[in-house]
Amino acid sequence: MYKRLYNYLSLNSVLYDYQFGFGKYHSTSLALIGVMDNIYQQLDHSNIVIGIYLDLQKAFDTVDHSILMAKLYNYGIRGNVYNWFKDYLYDRQQFDSIRGINSGTASVSCGVPQGFVLGPLLFLIYVNGMYSCIDDATVKLFADDTNLFVSGQSIDEVTAIANMCISKLNTWF
């Protein structure tokens, strides 16, 4: 399913171009080169640059199933494949096992399964589009880490833009 979904997303250019870490030709090394190039370009134009680094805590565990399913549908995932993902995500159960002693089961109401190749891709779909709420910054995504780079002529201008970007991201989240 991973291969089918990834191929579909790639062929239809669904995923954000500056999402690094999980896709072909989008290594974290390439991301760092892009970030450094962007910073040097701004400095060459005598601009001030602020980097804002956000790390989503327990990111994979916070994925809202209904939002993810809506995004899959909006990206064209329909019919049997859509139903497969619905069955994959909904009505999941979990339990803990320590030294052969098992806890009771509990329902899992959000999150994508970790430890499987499909989890990171579903997370990327979930955060795909985050960049669109910010038009005043360069946004780089590294799986569950988000980096914003804001530049301007003065510290006051850059600070104002940075605060506006954080406010927009807060609304998006």
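Two strands pair if DSSP finds at least two bridges between them. Helices (H or I, at least four residues) and strands (E, at least two) are DSSP runs, numbered from the N terminus. In S8, Asp-145 is the bridge partner of Phe-142.

This is a predicted model: local features need pLDDT of at least 70, side-chain atom pairs count only at pLDDT 80 or more, and totals for chains, interfaces and linings use all residues. Residues are numbered from 1 along each chain as its sequence is written, and side-chain values use heavy atoms, with hydrogens and water left out.

## Overall build

The protein has six helices and eight strands. Along the sequence they follow the pattern α-β-α-β-α-α-β-β-β-β-α-β-β-α. Taken along the principal axes, the C-alpha atoms fill a box of roughly 60 × 40 × 30 Å. Contact means heavy atoms within 4.5 Å. Among contacts between residues at least 6 apart in sequence, 68% join residues at least 24 apart.

Of the 173 residues, 35% are buried. The protein exposes about 10500 Å² (Shrake-Rupley method, 1.4 Å probe). Carbon and sulfur atoms supply 52% of that area.

## The sheet

Four strands form an open sheet, in the order S1-S7-S8-S2, with mixed pairing. Strand S1 (19-20) and strand S2 (48-55) stand at the edges. Each has a single partner strand, so one side of each is left without a neighbour in the sheet.

Strand S7 (residues 138-142) and strand S8 (residues 145-152) pair in the antiparallel sense over five bridges. S7 and S8 form a hairpin with two residues between them. Ala-143, in the turn, has a positive phi of about 60°. Further along this pairing, Leu-141 has Thr-146 as its bridge partner in S8.

S2 and S8 also pair in the antiparallel sense, over eight bridges. Here Val-49 stands opposite Ser-151 in S8. S8 is mostly covered, with six of its eight residues buried.

Helix H6 (residues 155-172) packs on the sheet and touches S2 and S8. The direction of H6 makes about 150° with that of S8. Such angles run from 0 to 180 degrees between N-to-C directions, with axes fitted to C-alpha atoms, for helices over the stretch in contact.

## Nonpolar cores

A nonpolar core is a set of buried Ala, Val, Leu, Ile, Met, Phe, Trp, Tyr and Cys residues joined through side-chain atoms within 4.5 Å. The largest has 39 residues. Leu-5, Leu-68, Phe-85, Leu-122, Ile-125, Leu-148 and Val-150 touch the most other members. Helix H1 (2-11), helix H3 (65-74), helix H4 (79-89), helix H5 (118-127), S7, S8 and H6 each supply at least two residues of this core. H5 gives the most, with eight residues.

Leu-5 shows some of this packing. Leaving aside its neighbours within four places in sequence, Leu-5 is in contact with Ile-77, Phe-85, Leu-118, Leu-121, Leu-122 and Ile-125.

## Cysteines

The structure holds zero disulfides (pairs of cysteine sulfur atoms within 2.5 Å). The sulfur of Cys-165 is 8.3 Å from the closest cysteine sulfur, in Cys-133, too far for a bond. Cys-165 is buried, with a relative accessible area of 1%. Cys-110 counts as partly exposed, at 33% relative accessibility.

## Positive phi in loops

Most residues other than glycine have a negative phi.

| Residue | Phi |
|---|---|
| Asp-91 | near 60° |
| Arg-99 | near 50° |

Asp-91 lies in the loop between H4 and strand S3 (92-94). At 74% relative accessibility, Asp-91 counts as exposed. Arg-99 is found in the loop between strand S4 (97-98) and strand S5 (101-102). Arg-99 is also exposed, with a relative accessible area of 83%.

Key: Buried < 20%, exposed > 50% of the residue type's maximum accessible area, 1.4 Å probe, protein only.
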